[in-house]
Amino acid sequence: MPVISLDRACLAYGHVALLDHAAMQIDAGERGGLIGRNGSGKSSLLKALAGLGSLDDGEVWREPGLSIAYVPQEPEFATHDTVFEAVAAGLGDVARVLAEYHEITHKVGAGDTATMDRMHELQSQLEANDGWRLNSRVEQAISRLALDGDARVDALSGGGKKRVALARALVAEPELLLLDEPTNHLDVDGILWLEDLLRGYAGAIMVITHDRVFLDSVATRIVELDRGRLVSFPGSFAAYQERKEFMLNEEALANARADKMLAQEEIWIRKGVEARRTRSVGRVQRLEQLRAARAARREQLGKVEFKVVRGDASGKLVAELEDVSKRFGDKTVVKNFSCRIQRGDKVGLIGANGTGKTTLLRLILGELQPDSGKVQLGSRIEVAYFDQFRTQLDPEAPLCEVISPGSDYVEIGGTKKHVIGYLEDFLFAPQRARSPVKSLSGGERNRLLLARLFARPANVLVLDEPTNDLDIETLELLEALLQDYSGTVFLVSHDRAFLDNVVTQTIASEGDGQWKEYVGGYSAWLRQRPAGGAARFDATGGPDAKPASRVGAGDTAKTKPAERKKLSFKEQRELEQLPDRIAALEAEQGLLQGRLADPAFYQEPAEAQREVQARLAKVDAEIDAALLRWEALEAKG
């Protein structure tokens, strides 16, 4: 049974129709994922469903008495609000009484007896409005999200503010929860927590996200906003990808047939006078219909054309750290960390918000001096930064000025290109070249920042959460570019699929300032990390569980480090052959995955399908075993 439905919805900004007679419904208890290209109108649609935005035409029907909670991409809070006040605001009118009562109880606890009378008045109001149950819900929401109720919201990190916004929405226990990019600024533990929460949520959910792993984990239906229309795909995101590829191929074939027929009819209509005298009226009418259909057709949007100007190659060594430590006040951010980064390495950094990923990056790049230890930098290093908060973008500046200040041209790889043409490579229409940055959606701003980044030569890319707000197709293109990039990449991201597809090694926080280097991406880190896993983190980045007991100082002195043994001849040969073996396995893995992605494969006999799936599982296991063996032999040698 639907709780909300959209019918014949039309919405346009300028010359672009975001919604073109679109229709959809959300059923009770379902979990939908809303996806689409940046700027296609997803956020506008969610606001219209929440009643915070209007349509040009069409209607939104809501079940009478339906309670809705909406969490925007960038949540806003009243100035100087505490976390408790911000979360309680989700309860409506009773929020003011709860917030004042919470504040007065602190004063009374501190010995301020002058406020006792006011506290009794507030207690009476809460009793009359079921306030104690509501107060308990606020405190439970704050506790579940590991927040400090007395902390100021404006002092929290981006991830902390996102948690507060989620708590404010959840405390009202809405029947429909609308979430716009809820994973932005959350660390991996926060994303895993949110996945668990949404899978067990009793109400209906519609979430905008481009986190592919999150979608596969949470969504029971994918709704795509494509060229003004809403198309529903039951099942997971993986099922959507297969069905979408088939639909696009069918659409391309149908368009090609229609274009061929139109071309033939245009030739016929332009024949000589004799032919025009005898032409069929029905055929002329069909030609007019073909022309109208071609004019009304909205082509699939183009793809972003990413190209990185690498600049001069850096030296083979980019940076080497030996027993580096860094403290800020009483907090140790980096403790006795050593690593060696070489040209071409693609390094992922994993850690909860506040653990010091940015600090560690600045130490590696020589922008921050360590308290102890040694940092050696390589030669000819040119660094380009991608800032997740987009502070490099002036909201009032035109797009063309952001890319090439004071010039109509940008130089890419020694070739001059007009700035409007360069912006078109990143899917910005020519008429938007003079539009201010503030007119762009979040995803479009990220695309603009990437365009600005790639217009400057660099051999070291530092990408801080580049995946926030980017659509899935652009994410996949960025992945391919970074895979082929010959320079060095440092990637801070909580997008697990993106990390797996890009990085060659991972530096992960182990808590208490400890960092450790692992081979591979996120999934490889999960397999390699110590038994029991890394500590989970709260919103401030502090571990929420005590670290495992450590050996005492006296015991440490008695313990001798294990002696490193040299590789035997057989092991040395095995180590030399492992890269070729892994490459062969990965090639076979790609072929098998290609077969599974082909819709025609599922027309084959069931036994053949099972054999391919079993072989793929075996190849995956062999790759994992080979990678672990490689790491063990390298450590031994």
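**Exercise 1. The chain as a whole**

What percentage of the 637 residues of the protein chain count as buried?

*Solution.* The model is predicted, so local features need pLDDT of at least 70 and side-chain atom pairs count only at pLDDT 80 or more, while totals for chains, interfaces and linings use all residues. Residues are numbered from 1 along each chain as its sequence is written, and side-chain values use heavy atoms, with hydrogens and water left out.

Step 1. A residue is buried under 20% relative accessible area, exposed over 50% and partly exposed in between (1.4 Å probe, protein chains only). By this criterion, 45% of the 637 residues of the protein chain are buried.

Step 2. Helices (H or I, at least four residues) and strands (E, at least two) are DSSP runs, numbered from the N terminus. The protein chain has 21 helices and 20 strands.

Step 3. A contact requires heavy atoms within 4.5 Å. Among contacts in the protein chain with a separation of 6 or more, 68% join residues 24 or more positions apart.

**Exercise 2. The packing of H6 and H7**

Describe how helix H6 and helix H7 are arranged, and name the residues that meet.

*Solution.* Two packed helices are described by the angle between their axes and the distance between the axes.

Step 1. Axes are lines fitted to C-alpha atoms, for helices over the stretch in contact, and angles run from 0 to 180 degrees between N-to-C directions. For H6 (residues 158-170) and H7 (residues 188-199), the axes come within 13 Å and cross at roughly 15°.

Step 2. Angles under 35 degrees count as roughly parallel, over 145 as roughly antiparallel, 65 to 115 as roughly perpendicular and the rest as oblique. H6 and H7 are therefore roughly parallel to each other.

Step 3. A crossing is left-handed if the near helix is turned anticlockwise from the far one by less than a right angle, and right-handed if clockwise. That of H6 and H7 is left-handed.

Step 4. H6 contributes Arg-163, Leu-166 and Leu-170, which meet Gly-190, Trp-193, Leu-194 and Leu-197 of H7. The residues of this contact comprise 5 nonpolar, 1 polar and 1 charged (Ala, Val, Leu, Ile, Met, Phe, Trp, Tyr, Cys and Pro count as nonpolar, Asp, Glu, Lys and Arg as charged, and the others, Gly among them, as polar).

**Exercise 3. Salt bridges**

How many salt bridges does the structure hold?

*Solution.* Side chains of opposite charge can pair when their charged atoms come close. The criterion is a side-chain nitrogen of Lys or Arg within 4 Å of a carboxyl oxygen of Asp or Glu.

Step 1. The structure holds 25 salt bridges.

Step 2. One of them joins Glu-173 to Arg-137, with the closest N and O atoms 3.8 Å apart. This pair links distant parts of the chain, 36 residues apart: Glu-173 is in the loop between H6 and strand S6 (176-180), whereas Arg-137 is in helix H5 (residues 131-144). Arg-137 is buried, at 13% relative accessibility.

Step 3. Glu-607 and Arg-610 form a salt bridge of 2.9 Å, N to O. Both residues belong to helix H21 (residues 606-636) and lie 3 residues apart, about one turn of the helix. Glu-607 is partly exposed at 45%, and Arg-610 is partly exposed at 47%.

Step 4. Glu-604 and Arg-595 also meet in a salt bridge, at 2.9 Å from N to O. The relative accessible area of Glu-604 is 30%, which is partly exposed; Arg-595, at 36%, is partly exposed.

Step 5. A network of salt bridges links Glu-195, Asp-196, Arg-199, Asp-211 and Arg-496.

**Exercise 4. Positive phi**

Locate Glu-181 and Asn-336, and classify each as buried or partly exposed.

*Solution.* 

Step 1. Glu-181, a residue other than glycine, has a positive phi near 50°. Glu-181 lies in the loop between S6 and H7 and is buried, with a relative accessible area of 3%.

Step 2. Asn-336 is not a glycine either, yet has a positive phi of about 50°. Asn-336 is placed in strand S11 (residues 331-342) and is partly exposed at 48% relative accessibility.
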